[in-house]
Amino acid sequence: MSTPAQKREHVRPPKGRVSGFVADVLARPMTDYYMILATVTILAFFGLIMVMSSSMTWSVIDDASPWAITIRQAVMVVAGFVAMWVGLRMNPAHIQRLAPLLLVITAVLLLLVLIPGIGTGKEEVGSQSWIVLGPLRLQPSEVAKVAIAVWGSFYLAPEVGRADSRGWSSRFATFTAVAGGFLLLIVLQGDIGMAMAYLLVVALVMYFAGVNRRWIFAAAGAVVLGLLGLASQGGFRSHRFTVYFDALFGHFADTRGHAFQSYQGFLSLADGSLWGVGLGQSRAKWFYLPEAKNDFIFAIIGEELGLWGGTMVIALFAALAFFGVRTALRINNSFLSLLAATLTGGVVVQAFINIAYVIGLAPVTGIQLPMISAGGTSAIITLGSMGLLANCARHEPETVSAMQSFGKPSLDHLLRLPEPQPVTEGFLTPPARAPRVRTESRPTARTVAERTSRPSMLQDRDSRPTRNSRPTRNSRPTRRTK
């Protein structure tokens, strides 16, 4: 028999309140789904606030209302939430079936934007990247990032988990050819920054699908050589590398020329210090910092909200990365797992690249900060892709089981989302519709005969002897006499 001292040795120390609460939250079935929705919503509304703060002065230059850019961005964010709702409602089987069609539509858009008179932007920003549709401006390269992620996840899903997946199969070769064709079309637009963002998504798809890492490193080496080739040709791209190395060592040779934007971004971050100068009180947005509402909006965040504001943005993207990758690991379908990992990595890595070149850790590439920078197509496409990511989280096995056992949560009823169905490995098929049950208006001869010959349930119940009416020994019926 063990002594009390021996018993105390086998008792595990209790967890702390904070760690126990976190472990309990992470163990709940719908945590990933809720956290992805909450993080994306916070980032979108926070971005709208920062666009409002950083764009008022630039709106006045265009002889427009100080709220003009804010109202336009709010409309795009609302449209993005509609796209997110559509992505939440879609059945995973329908996403698989629409993946090739989405790829074809994207290829047509990338070809149309290269046609003079249809594609615009060459005179404004130096890249022919937009298609003007009335008041809307569509950027096909933004669509290409999501299209290659969806189609690549669909096409390379059979390669996930295979014993020979580390080789170079025919599927990887086909995917590389298609992705390379899209990359060439984006490069022809003159948008090298968007080409880098697109190439990042392609690399993530192939990495998570299980391609040999040597191919990834070889492709990365080829990209670096290509960038060095562009830098050696002179022009503004070579100046970006010069400014990067100057900023990395804290030395700016030309603060009024090529290094003006990066230098002003550094000054904005320095003015913000720990707590910031206050929301809306930025001085850099008064025509000192170019692209304050787009590429360098993180500098405005650091100036107005200080170190804690920048840390909050980084923490939100880190949370999105954690729960997105956790969704990819918990789901039991290769297509949805690969799609969740790729969409998460594409958005989060793009955000960290933007933050890195604002604080001087990477060359300026012109990549926007997802869900925060001003941009119509970027807001709609990014929020729509986050709807697909949340849809993957809804189809985790534990989440599906919880909804089938306890019903849909109130949020799903409010959004009128269908109940998720269990997914298995392989190609997904849409759920079959329940057949209609035909009711006969007239009773048949058989039913009439059964109704007349059989006593009803009520008659059977009344005819059965109750407990109080059971015959006893003293209450036996007497013999009938004449």
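A pocket is an open set of grid points with protein on both sides within 12 Å along at least five of seven lines. The exercises below concern a predicted model.

**Exercise 1.** Determine how helices α7 and α8 are oriented relative to each other, and characterise their contact.

*Solution.*
1. Helix α7 spans residues 140–156 and helix α8 residues 170–188; their axes lie 11 Å apart, at an angle of about 175°.
2. Angles over 145 degrees count as roughly antiparallel, so α7 is roughly antiparallel to α8.
3. On the α7 side, the contacting residues include Ile148, Trp151 and Tyr155, and on the α8 side they include Phe172, Phe175 and Phe182.
4. By class, the residues of this contact comprise 11 nonpolar, 3 polar and 1 charged.

**Exercise 2.** Determine the orientation and handedness of the packing of α5 and α8.

*Solution.*
1. The axes of α5 (residues 92–112) and α8 come within 10 Å and cross at roughly 25°.
2. Angles under 35 degrees count as roughly parallel; α5 and α8 are therefore roughly parallel to each other.
3. Their crossing is left-handed.
4. Leu103, Thr106, Ala107, Leu110 and Leu111 of α5 meet Val178, Phe182, Leu185 and Ile186 of α8.
5. This contact has 8 nonpolar residues, 1 polar and no charged.

**Exercise 3.** Describe the second largest pocket and its lining.

*Solution.*
1. The volume of the second largest pocket is about 470 Å³.
2. It is lined by 18 residues, of which Met90, Leu102, Val146, Ile381 and Leu388 are the closest to its centre.
3. Helices α4 (68–89), α5, α7 and α15 (376–394) each give two or more residues to this lining.
4. The lining divides into 15 nonpolar and 3 polar residues, with no charged ones.

Note on methods. Residues are numbered from 1 along each chain as its sequence is written. This is a predicted model: local features need pLDDT of at least 70, side-chain atom pairs count only at pLDDT 80 or more; totals for chains, interfaces and linings use all residues. Side-chain values use heavy atoms; hydrogens and water are left out. Axes are lines fitted to C-alpha atoms, for helices over the stretch in contact, and angles run from 0 to 180 degrees between N-to-C directions. Helices (H or I, at least four residues) and strands (E, at least two) are DSSP runs, numbered from the N terminus. Angles under 35 degrees count as roughly parallel, over 145 as roughly antiparallel, 65 to 115 as roughly perpendicular and the rest as oblique. Contact means heavy atoms within 4.5 Å. Ala, Val, Leu, Ile, Met, Phe, Trp, Tyr, Cys and Pro count as nonpolar, Asp, Glu, Lys and Arg as charged, and the others, Gly among them, as polar. A crossing is left-handed if the near helix is turned anticlockwise from the far one by less than a right angle, and right-handed if clockwise. On a 1 Å grid over the protein atoms alone, a cavity is a set of points where a 1.4 Å probe fits but cannot get out, and a pocket is an open set with protein on both sides within 12 Å along at least five of seven lines; lining residues have an atom within 4 Å of a point. Grid points are joined across faces, edges and corners, and a volume is the space filled by probe spheres set on the points.
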